[in-house]
Amino acid sequence: MSNNYEPYIGMPIDLDAYDVQISDLSDGRISSEMWPKDMLSDDNWSRDLVPGDLVPVEMPLRPETPAQTRPGNRPPANTAPVNSPPVQESPNQQRPVHQRPGHGNPGSEPGNCDLIVDTNFNNWPLAMAYVPMQSWEEPYTPDKGLNVGTIFPSLDLPFRGGLKR
Amino acid sequence: MTRRQEMLHRVQQLDFVMFEASLYLNNQPDNESALNLFSKYKALAAQAREEFEDAYGPLTHGSVNADRDGWSWINMPWPWQVED
């Protein structure tokens with residue numbers, strides 16, 4: 001994948017749209033690679049993603065899609081928009097549904113559809129982060145506190161690379 | 001662990017608790033428990049520091065007791081000469 005395309009933690013993805021290859025590095029680590037199926041299977045998509053590309057993703061809790069925006073009303077795959085917003089066909093300003101070119105939509109169920117998402121993050125609205133207010137709790141002893149790097153048990157969060165504690 | 005190491009480690013521990021309490025208080029300056037923790041460990045840390053410095057010399061320039069000891073900062077041993 002091109003370096004122009006920066007996935008980020010928490011990025012919504014549709015696993016059905018990717019070929020996932022997991023390799024055992026035989027040293028206790030594993031390596032995983034994900035390749036968008038569309039990018040490889042369709043000539044028009046067999047290139048690296050660049051900012052502004054429109055890629056299929058899966059979004060939860062999506063409102064019901066009107067029938068007229070279902071597959072069939074969309075432009076064919078070889079006109080997939082690049083560096084431009086998708087053609088808006090929905091009468092009620094709902095975001096258009098994208099079906100992967102050359103594929104059915106096997107993983108999709110109602111309320112679980114692919115959306116077109118503009119990967120030019122400059123076009124995205126800003127988000128807001130928050131940190132909840134800490135509550136008082138019985139602190140660790142000085143001995144334990146210095147060892148683990150905090151005197152507050154709720155901040156004692158050793159990083160385990162996603163493994164369960 | 002030598003006596004010197006133990007006393008120095010104690011200073012580090014008590015300083016750390018005081019520092020943690022102060023970080024908490026930066027967000028919630030009126031929290032009674034945090035204020036109590038800060039005051040308690042500020043005193044304990046100062047006491048432990050004083051005990052260490054009386055035995056092994058000043059930890060910072062500011063803790064040189066020049067009236068009593070003269071300029072003790074340059075007294076032997078230097079940190080790399082301490083055989084812990």
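Trainee: What is the mean pLDDT of chain A, and what share of its residues reach 70 or more?

Mentor: The model is predicted, and local features are described where pLDDT is at least 70. In chain A, the share of residues that reach 70 or more is 35%, and the mean pLDDT is 63.

Trainee: Over which residues of chain A does the pLDDT stay under 50, and how many contacts does the model have there?

Mentor: One such stretch is residues 58-82 of chain A, with 46 contacts beyond four places in sequence. Another, with pLDDT below 50, is residues 84-113, and beyond near neighbours in sequence its number of contacts in the model is 73.

Trainee: How many helices and strands does chain B have, and in what order do its elements run?

Mentor: Chain B has 3 helices and 0 strands. From the N terminus on, its elements therefore run as helices, where a helix is a DSSP run of at least four residues: α-α-α.

Trainee: What percentage of chain B is buried, and what part of its accessible surface belongs to carbon and sulfur atoms?

Mentor: Chain B has 84 residues, of which 29% count as buried. Its accessible surface is about 5,700 Å², and the part that belongs to carbon and sulfur atoms is 52%.

Trainee: Among contacts in chain B between residues at least 6 apart in sequence, what share join residues at least 24 apart?

Mentor: The contacts considered here are those in chain B between residues at least 6 apart in sequence. Within that set, the share that join residues at least 24 apart is 45%.

Trainee: How does the span of helix H2 of chain B stand against the expected value?

Mentor: Helix H2 of chain B covers residues 32-56, which is 25 residues. From first C-alpha to last, H2 reaches 36 Å, close to the expected span at 1.5 Å a residue, 36 Å.

Trainee: Which residue caps the N-terminal end of H2(B), and which residue follows the helix?

Mentor: At the N-terminal end, a side-chain oxygen lies 3.1 Å from the backbone nitrogen of Ser33(B), and the capping residue is Asn31(B). After H2(B) comes a residue with positive phi, near 100°, namely Gly57(B).

Trainee: Which residues of H2(B) are buried, and which helices do they pack against?

Mentor: The buried residues of H2(B) are Ala34(B), Leu37(B), Tyr41(B), Ala45(B), Ala48(B), Phe52(B) and Glu53(B). In an α-helix, residues three or four places apart point the same way because there are 3.6 residues a turn. The buried residues of H2(B) pack against H1 of chain B and helix H2 (142-148) of chain A.

Trainee: Which element gives the most residues to the largest nonpolar core?

Mentor: The largest nonpolar core has 16 residues, and those with the most contacts inside it are Ile151(A), Leu14(B), Val17(B), Leu37(B) and Tyr41(B). Two or more residues of this core come from each of H1 and H2 of chain B. The element that gives the most, with 8 residues, is H1(B).

Trainee: Is Gln13(B) buried or exposed?

Mentor: Gln13(B) sits in helix H1 (residues 3-27) of chain B. Not counting residues up to four places away in sequence, Gln13(B) touches Pro142(A), Asp143(A) and Leu146(A). Its relative accessibility is 5%, and the limit is under 20%, so Gln13(B) counts as buried.

Trainee: Why does Leu146(A) count as partly exposed?

Mentor: Leu146(A) lies in helix H2 of chain A. Not counting residues up to four places away in sequence, Leu146(A) touches His9(B), Gln12(B), Gln13(B) and Phe16(B). Leu146(A) counts as partly exposed because its relative accessibility is 28%.

Trainee: Where is Gln134(A), and what is its relative accessible area?

Mentor: Gln134(A) is in the loop between strand S4 (114-118) and H2 of chain A. Not counting residues up to four places away in sequence, its contacts are Phe152(A), Leu155(A), Tyr24(B) and Gln28(B). Gln134(A) is partly exposed, with a relative accessible area of 21%.

Trainee: What distance separates the C-alpha atoms of Leu155(A) and Gln134(A)?

Mentor: Leu155(A) lies in the segment after H2 of chain A, and Leu155(A) touches Gln134(A) and Thr150(A), not counting residues up to four places away in sequence. Leu155(A) and Gln134(A) are 21 residues apart along the chain, and their C-alpha atoms are separated by 9.2 Å.

Note on methods
Residues are numbered from 1 along each chain as its sequence is written. Chains are lettered from A and ligands numbered from 1 in the order in which they are written. This is a predicted model: local features need pLDDT of at least 70, side-chain atom pairs count only at pLDDT 80 or more; totals for chains, interfaces and linings use all residues. Side-chain values use heavy atoms; hydrogens and water are left out. Buried means under 20% relative accessible area, exposed over 50%, partly exposed in between (1.4 Å probe, protein chains only). Contact means heavy atoms within 4.5 Å. Accessible areas come from the Shrake-Rupley method with a 1.4 Å probe; for residues, only the protein chains shown count as cover. pLDDT is the predictor's confidence in each residue, from 0 to 100. The expected span of a helix is 1.5 Å times one less than its number of residues. A polar contact is a pair of N or O atoms within 3.5 Å; within protein, one must be able to donate a hydrogen and the other to accept it, and residues adjacent in sequence count only if both atoms are side-chain atoms. A nonpolar core is a set of buried Ala, Val, Leu, Ile, Met, Phe, Trp, Tyr and Cys residues joined through side-chain atoms within 4.5 Å.
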